[in-house]
Amino acid sequence: MGQEKNTPLGSIGSVLWGFDMLLDVLEKTRKKYNIEKRDEKDKTQKLSHLATCIDHAHGLFSKYYELTDETEAYVVAMVLDPRQKYKYFFDNWERKHHAGVKRKTETLYKEFLIDDNAATSSSMVDSGQSKKRKAEEEDDDDFDFDIITHRFGKDEDIQDELERYLKSPPLRLSTKEANLSFNIIAWWRANKMIYPTLARMAYDLYSIPSMSAEVERVFSRFYLEKQELTHVARS
């Protein structure tokens, strides 16, 4: 599932709901065929082959699912899908996990925001020095009226970028085909002027593949080609 390039399943944003779906399928299969569960107290219990397979798959999925909790990336990648935001977690995860989802989103956002502010401050210093030199050279006494501040207010009066994004209604697409063909990167590219920091987060996060299989294949192919070239050169 996570190996499909250029599809909604190919990026890190598909990992959490993908695990949820697979675990749900296992539980529904267990109920449908009335498959017994392992009783940890009964050491003599013998499970059917299908029950053993389901237990093994469930344990393996759960193990890797828990590892996703070590980083904010998986949660935030889903939140940055304008069709989902927090809605998926509120609808499908227990309430006790909701605070953690918000905390991870805000933590990663603040990290990116600090970088953006640092870059802006550096740019402002350079711009300020340039204006100062120009003023000294021209000795211009004209009154500089700030039209933007007059029209839209100071920066601190503008609502926080993440808050604006989360408060806006989730994007609703009318058909299954529209959802499958939806290009998240194109959406963020179109909205980067409104949400510059979030757009940069989206570019970084959605460049991460959901699985390393494709990367490993590329490495293996390169290694084999290198081995063949070395063999030819020695021949």
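# Salt bridges, cores and surface in a helical model

Student: What do the side chains of Glu163 and Lys167 form when they meet?
Tutor: The side chains of Glu163 and Lys167 meet in a salt bridge of 3.0 Å, N to O. A salt bridge here is a side-chain nitrogen of Lys or Arg within 4 Å of a carboxyl oxygen of Asp or Glu. The model is predicted: local features need pLDDT of at least 70, side-chain atom pairs count only at pLDDT 80 or more, and totals for chains, interfaces and linings use all residues. Residues are numbered from 1 along each chain as its sequence is written, and side-chain values use heavy atoms, with hydrogens and water left out.

Student: Why are Glu163 and Lys167 separated by about one helical turn?
Tutor: Because they are four residues apart in helix α7 (residues 161-167). Helices (H or I, at least four residues) and strands (E, at least two) are DSSP runs, numbered from the N terminus.

Student: Is Lys167 buried or exposed?
Tutor: Lys167 is exposed, with a relative accessible area of 58%, whereas Glu163 is partly exposed at 34%. Buried means under 20% relative accessible area, exposed over 50%, and partly exposed in between (1.4 Å probe, protein chains only).

Student: How many salt bridges does the structure hold?
Tutor: The structure holds seven. One of them joins the side chains of Arg30 and Asp55 (2.9 Å, N to O). Arg30 lies in helix α1 (residues 15-32) and Asp55 in helix α2 (residues 49-67), so this pair ties together parts 25 residues apart in sequence. Arg30 counts as buried, at 6% relative accessibility.

Student: And Lys104, which residue does its side chain meet in a salt bridge?
Tutor: The side chain of Lys104 meets that of Asp69, at 2.3 Å, N to O. Lys104 belongs to helix α5 (residues 98-138) and Asp69 to the loop between α2 and α3, so parts 35 residues apart in sequence are tied together. Lys104 is buried at 14% relative accessibility, while Asp69 is exposed at 52%.

Student: Changing topic: which residues touch the most other members of the largest nonpolar core?
Tutor: They are Leu80, Phe89, Tyr165, Trp188, Leu198 and Met201, within a core of 34 residues. A nonpolar core is a set of buried Ala, Val, Leu, Ile, Met, Phe, Trp, Tyr and Cys residues joined through side-chain atoms within 4.5 Å.

Student: Which elements give two or more residues to this core?
Tutor: These are α1, α3, α4, α5, α7, α9 (184-190) and α10 (196-205). The largest share, six residues, comes from α3.

Student: What does Leu80 touch?
Tutor: Not counting residues up to four places away in sequence, the partners of Leu80 include Tyr165, Ile184, Trp188, Leu198 and Met201. Contact means heavy atoms within 4.5 Å.

Student: Where is Lys85 found?
Tutor: Lys85 is in the loop between α3 (73-79) and α4 (87-92). Lys85 has a positive phi of about 55 degrees although it is not a glycine, and it is buried, with a relative accessible area of 5%.

Student: How many helices and strands are there in the chain?
Tutor: The chain has 11 helices and zero strands. Of its 235 residues, 27% count as buried. Among contacts between residues at least 6 apart in sequence, 67% join residues at least 24 apart.
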